[in-house]
Amino acid sequence: MLNWIDTRSDDELAAAARDLFAASFPDAPEPAGVWAAPGRVNLIGEHIDYAGGASIPFALEQNTAVAVAPRTDGLLRIASEYDGSVAQASLPLSEVRPGHPSDWSGYVAGTVWAATAADVLTCAGLDIAIVSDVPVGSGLSSSAALECSVAVAAYELCHGKAPDDAARAQLAQACIRAENEVVGASTGGLDQNASLFGQRGKALFLDFATGAVERVPFNIEAQDMVLLIADTNAPHTLSDGQYASRRGIIDAVQSAAGHTIREIPDAVAFAATVNPADAELYRCRVRHVVDETARTLDAATALTSSDLAKFRRLMRESHLSLRDLYEVTTPELDSAFTAAGELGARMTGGGFGGAVIALIPRSAVESTAQAIYDAAASRGFPEPTFLVARPGDGARRLA
Ligand code: GLA
């Protein structure tokens, strides 16, 4: 029996956040509102957001919701429901700093801290109850969903209105800073931009060289195609050394050149000169970045002209490059990629576990999911779970 991921409606999620708030903070007044932010799926443009590249993600219909009430004593109290139990944290905002708190509460506290430091908002304390439908550890950005839901809540409580796109760009920077400096995960800006700028029915073209965010129609249903997500359920974390080691090489090359990889004329040859002792490794890593950037620009054109056949070829090439040159796939991801038929399939997100996506005809959804399931079962891998993804709305107020 295939296992499909359940998703609550906006009303159900908001009610769950309110219930958790009431149970966790019986002494507090009613929450001032409930806000939500989605996870994201990245269609193409992987591991290049920190190299001046581009990505084409969309916001998922799966959200993290926060019920929030303001405080006046500088305290942040957080309750988070996860996997059937509730985790609590409480700390004065004045204690938030780089490296602290570095656990899950750092995503929340760090966002408020960074947005305050950037003068995007002021905050005298919050009570926050968190519930989520975004799968955790699946490469679908549950951490960005958490940061961005808190960001839009704190912004609206301070300014009395929802953030416009200019404010969303500032909030994205604050969320990135929270993740990089407070939690200590050296991720780029793909996830936070997708969660804040997403729009129902639209994919996003994010250009990290210019900071441009474009909402582009993603109407694959007109061609009877769907996007299947297969979560391999293999353990995944980005705060261990694997992501940082990939990024470390790219950062070293970029700082030696004084430019992003995208701006270096022959970046692959240049990379080899940065670390001659490890020239081949440097060449491979940078080759991925250069090719993936070109693929993503091609994919944007293909999407605009509804050329899904080309888009699917580019997705396959992206996976092969992430497997062979960037080495961020796992046996579970490669197995799902092969079982999905390769064309239109690829791993999504940071890798080292997480999910594979497949852009396939609607009629092939069940058989593709079954093939991925069977391949995992035959190799003794964890049982994958499935979702048909459609572009949903970005961070917003729910109630
Ligand atoms: C993670 C990071 C992103 C991006 C992707 C890989 O999701 O948070 O910034 O680097 O990996 O594309």
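1. **The largest cavity.** The largest cavity holds about 50 Å³ of space. A cavity here is a set of points, on a 1 Å grid over the protein atoms alone, where a 1.4 Å probe fits but cannot get out. Grid points are joined across faces, edges and corners, and a volume is the space filled by probe spheres set on the points. By this rule there is one cavity of 30 Å³ or more.

2. **Basis of the model.** This is a predicted model, in which local features need pLDDT of at least 70 and side-chain atom pairs count only at pLDDT 80 or more, while totals for chains, interfaces and linings use all residues. Residues are numbered from 1 along each chain as its sequence is written, and side-chain values use heavy atoms, with hydrogens and water left out.

3. **Cavity lining.** Which residues line the largest cavity? They are Thr232, Glu332, Ser335, Ala336, Ile372, Ala376, Phe381, Pro382 and Pro384; lining residues have an atom within 4 Å of a point. Six are nonpolar, two polar and one charged. Ala, Val, Leu, Ile, Met, Phe, Trp, Tyr, Cys and Pro count as nonpolar, Asp, Glu, Lys and Arg as charged, and the others, Gly among them, as polar. Helix H10 (331-339) gives the most, with three residues. Helix H11 (365-378) also supplies at least two. Helices (H or I, at least four residues) and strands (E, at least two) are DSSP runs, numbered from the N terminus.

4. **Glu332.** This residue is found in helix H10. Glu332 touches Thr232, Ala234, Phe381 and Pro382, not counting residues up to four places away in sequence; contact means heavy atoms within 4.5 Å. Glu332 and Phe381 are 49 residues apart in sequence, yet 6.7 Å apart in space, C-alpha to C-alpha.

5. **The second largest pocket.** Its volume is about 340 Å³. A pocket is an open set with protein on both sides within 12 Å along at least five of seven lines. Of its 22 lining residues, Asp49, Gln173, Gly189, Asn193 and Phe208 are the closest to the centre. Helix H4 gives the most, with four residues. By class, the lining has ten nonpolar, eight polar and four charged residues.

6. **Helix H5.** Is this helix buried or exposed? Eight of the eight residues of H5 (residues 190-197) are buried, so the helix is largely enclosed by the rest of the structure. Buried means under 20% relative accessible area, exposed over 50%, partly exposed in between (1.4 Å probe, protein chains only). The cover includes strand E2 (33-44), strand E3 (54-70), H3 and helix H4 (165-183). H5 also supplies at least two residues of the lining of the second largest pocket.

7. **Nonpolar cores.** A nonpolar core is a set of buried Ala, Val, Leu, Ile, Met, Phe, Trp, Tyr and Cys residues joined through side-chain atoms within 4.5 Å. The largest has 45 residues; Val66, Leu76, Ile128, Leu171 and Leu196 touch the most other members. Helix H3 (residues 142-159) provides the largest share, eight residues. Another core, of 37 residues, lies apart from it and includes Leu2, Ala230, Phe337 and Ala369.

8. **Ser80.** Ser80 is found in strand E4 (residues 75-82). It is buried, with a relative accessible area of 11%. Among the residues that Ser80 touches are Leu20, Trp104 and Ile130.

9. **Annotation.** UniProt, in an unreviewed entry, places the feature "domain: Galactokinase N-terminal" at residues 20-70. UniProt positions are in the numbering used here, feature names are shortened, and annotations may be inferred rather than shown by experiment. The span is 10% helix and 57% strand, and its end C-alpha atoms lie 16 Å apart.
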